[in-house]
Amino acid sequence: MNLLAMARQLWTGKSDRQRRAELRQTAARRAFHRLQARYDAAETTSDNKLHWANADDLSARAANSLPVRKTLRKRSRYETANNSYAAGMMLTLSNDIVGSGPRLQMKTADSEYNTFVEREFAAWQRDVRWGQKLRTMCISKPRDGETFAKLTTNPRHESPVWLDFELIETDQVTTPALVPTPQHIDGIWFDEFSQPSFYDILDQHPGDQDQAPRNLVPRKIPADSVIHWFREDRPGQKRGIPETTPALPLYAQLRRYTLAVIAAAETAADFAAIVSSTADPRLDDDDPVDPFSEIEITSRMLLTLPNKMQLQQLKAEQPTTTYGMFKQEILNEIARCLNMPYNVAAGNSSGYNYSSGRLDHQIYFRSIAITQIDCEAVVLDRLFREWYREAVLLKIARPLELRLRPWSWSWDPAEDLDPTKSAAARLQDLQSGALSYQRLYGELGLDWKVEQQQQAEALGVSVERYRQLLVQKLFGESPAPMAMSRRRQARRGKVLSA
């Protein structure tokens, strides 16, 4: 080792071998970073820079800030209120999701107790206008982006349980003049586990005309008393935006195109014909012609025109042949963000055959089923737990382990597109044991025991006899002989002994 290397080692604390190894590693890292893959979508060119100008890397909470949500809500409500297609899609969606309202089905071992709880809960549902409120929530969620309900007490109920829930518009869940923090965003306070702990709720809607400044001070409501339902599209998202957001520009295009077609048709209808002349009004003094004069035409009359004039009747060219195609394509795109097929959105299946209609409906009904599952987890189970706890306090119901969820919900069944094939498939499932009568009647929103009892009474047989006949019908087996009573056995014994 020469003196220069020794001095360098004493100064840096590293030998030449170590320094050369570090240099090789640095060169390898630089070469690695130079070898980058190329993505066309990541390139910004003069052709696509305007298209990607609004792309950002904001977080879910920053992207869904109060001004953004407020603007989207106003525009979504405007289109729903003024566009018949938008209003029809919201109503269809809520009717298909909720229907007449989900019904409770208890699953404890005591069938009589199950029937009792179901009957008491059904009475409470009528008091709180269960179906109507749930349909309103299913309209507010896609239109406004989220829906809120506050648990309250209503002593005017006929049922002994006074629990009620009041629907609240999303505008009322807000914190005026708030500087957002990780623990407090607009209208919601969070704990150390990022779970809502309190909600800031205004007593009145901020858009009320008689709103007073003192009413803009929100109340801090515990999260246990508030139901917040929205579609979470991004991790960390705490407030919802309208599900119709991607379709809002398309609604405007549909409206503009329709108005343009109507305006063109009206303009063409304002002029029955155009009179043209080959004469120059400045040179022909014998027959002066006003080039902009109007001529009134009487119906069903033979007319003559001045010299050197010709009459050209206007042709009706509106609406164009592409008008219907344009409306169909843009409505199909509008309804896609709601997982709704075109024929449901437009209320028109004239261009469908049976197979295509059934295939499109499978996607739609699958989306409806997923929304119903979310509604059960966020809304229905919360309400039933609160109702049952109050019923236990009133000694109407007996204590149960609610965390085990000994209940389920029955929704209105979807309309069967082919009843014959569906009935044959259900019969095959029953014969193979893949389907039970409990599940079959549950899908129809009915109690299987009650239905079998009523059918047995209508046929004039006992429930046991009716079930034996069902076994014979399903499996082709002869029904087992009915057990004779003791009196009947004694009577038969006397006849045989005689």
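Which angle do the axes of helix 7 and helix 11 cross at, and within what distance do they come? I found that the axes of helix 7 (residues 130-144) and helix 11 (residues 354-393) come within 12 Å and cross at roughly 150°. Axes here are lines fitted to C-alpha atoms, for helices over the stretch in contact, with angles from 0 to 180 degrees between N-to-C directions. Helix 7 and helix 11 are therefore roughly antiparallel (angles under 35 degrees count as roughly parallel, over 145 as roughly antiparallel, 65 to 115 as roughly perpendicular and the rest as oblique). Their crossing is right-handed, that is, the near helix is turned clockwise from the far one by less than a right angle. Trp130, Leu134 and Met137 of helix 7 make the contact with Val379, Leu380 and Leu383 of helix 11; contact means heavy atoms within 4.5 Å. I sorted these residues into six nonpolar, no polar and no charged (Ala, Val, Leu, Ile, Met, Phe, Trp, Tyr, Cys and Pro count as nonpolar, Asp, Glu, Lys and Arg as charged, and the others, Gly among them, as polar).

Model notes. This is a predicted model, in which local features need pLDDT of at least 70 and side-chain atom pairs count only at pLDDT 80 or more, while totals for chains, interfaces and linings use all residues. Residues are numbered from 1 along each chain as its sequence is written, and side-chain values use heavy atoms, with hydrogens and water left out.

Whole chain. I noted 16 helices and 11 strands in the protein chain; helices (H or I, at least four residues) and strands (E, at least two) are DSSP runs, numbered from the N terminus. Of its 498 residues, 31% are buried (under 20% relative accessible area, with exposed over 50% and partly exposed in between, 1.4 Å probe, protein chains only).

Helix 15. I looked up residues 463-475, where helix 15 has 13 residues and reaches 18 Å from its first C-alpha to its last, close to the 18 Å expected at 1.5 Å a residue. The expected span is 1.5 Å times one less than the number of residues. Its buried residues are Tyr466, Gln468, Leu470 and Leu474, and their cover includes helix 12 (419-432), helix 13 (437-443) and helix 14 (448-459).

Helix 12. Glycine 433 follows helix 12, with a positive phi near 85°.

Asparagine 64. I placed asparagine 64 in the loop between helix 3 (60-63) and helix 4 (66-82). It counts as buried because its relative accessibility is 13%. Neighbours within four places in sequence aside, asparagine 64 is in contact with Arg69, Gln237, Arg239 and Ile241.
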